[in-house]
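User: I have a model open and want to go through a few residues with you. Can we start?
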Amino acid sequence: MAKILSLFIIVTSLLAFAPILCLSSKSNYYGYLYPQFYDWSCPNAKEIVKSIVAKAVAREARMAASLLRLHFHDCFVKGCDASLLLDSSGTIISEKLSNTNRNSARGFEVIDEIKSALEMECPQTVSCADILALAARDSTVLAGGPSWEVPLGRRDSRDASISGSNNNIPAPNNTFNTILTKFNLKGLDLVDLVVLSGSHTIGNARCTSFKQRLYNQSGNNLPDYTLDQSYAAQLSTMCPKFGGDQNLFFLDYVTPTKFDNNYYKNLLASRGLLNSDQILVTKNQATLELVKLYADNNEIFFEQFAKSMVKMGNISPLTGYKGEIRKNCRYMN
């Protein structure tokens, strides 16, 4: 009887610590992150995020791409820690002022609204970093894309890095090797590069981000020969050689607000808007084959996109006692 009682105590103890044991294994949602993180502390968290994102996207379809982009631009700096959301204050220079984000990154008010609702529901429990990860997933789904379980448990940074934002985020005019290196430095590979670039199936880009392709791609005052000429002529009407830098253009002109594989079909037709998009076809045979695969099979694209989003969301998260849970995503506590 004593042995049975001892065995019962051991088993119940193991069950009590099951979440912790789960966390210690990288096969279980990348270590310390797991989808059920808030199931006890804030059970309505996911629904609150989804509801507010849905209202924002209903008001403006473009917001889906904007929120998805915030998660990318956060994770690529120094990990998925919501450093992007901090405003300048004290010694902090906001990443919002970087070349990549200035006059471009948007959707911060939606994150504020989500955080405010969560603070009312369960104060200082859900991190801003997790809000970004959930909002990115929900935005993708609302635009018609795939869904995935979002591992949770990230904490928020107490600092920002404008230099990291300027240097680590892939830029539209970077070379193929530079972009691949930036992905590799974050633990992401060639497949992740091609499939995550597929997020450009929704959203807009400013004239300034591709203007050189129309007029001076290689410093010789000639357009980019890899850009379809009729498409280039069409773009130039709203993106003149001088002025118009802030004019917006759809990244995927075929289905601009629908998350699908038309982005890849556009690349194969030499109609990728950004240089960083088109080089997936022109500069590397392996990426070209992946572009062809995703252009041909939307299901494979969706499946891999979901996997790579989870992988990206695991870039250097703050967990345990590192960082903090901000009360306001714009400021440290």
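User: Leaving aside neighbours within four places in sequence, which residues is Asp260 in contact with?
Analyst: This is a predicted model. In it, Asp260 is in contact with Thr201, Asp252, Thr255, Asn298, Phe301 and Phe302, leaving aside neighbours within four places in sequence.

User: What does the side chain of Asp260 make a polar contact with?
Analyst: The side chain of Thr255, at 2.7 Å.

User: Is Asp260 buried or exposed?
Analyst: Buried: its relative accessibility is 8%, and the cut-off for buried is under 20%. Asp260 sits in the loop between β2 and α12.

User: Where does UniProt place the "binding site" feature?
Analyst: The unreviewed UniProt entry places it at Thr201, Asp252, Thr255 and Asp260. These positions are spread over 60 residues of sequence, yet they cluster in space, with a largest C-alpha distance of 9.7 Å.

User: Where is Thr201 found?
Analyst: In the loop between α9 (190–197) and β1 (204–206). Thr201 counts as buried because its relative accessibility is 0%. Not counting residues up to four places away in sequence, Thr201 touches several residues, including Asp252, Thr255, Asp260 and Tyr263.

Conventions: Residues numbered from 1 in each chain as written. Predicted model: local features only at pLDDT ≥ 70, side-chain atom pairs only at ≥ 80, totals over all residues. Heavy atoms only, no water. UniProt positions renumbered as here; feature names shortened; annotations may be inferred. Helix = DSSP H or I, 4+ residues; strand = E, 2+ residues; numbered from the N terminus. Buried < 20%, exposed > 50% of the residue type's maximum accessible area, 1.4 Å probe, protein only. Contact = heavy atoms within 4.5 Å. Polar contact = N/O pair within 3.5 Å; in protein donor to acceptor, adjacent residues only side chain to side chain.
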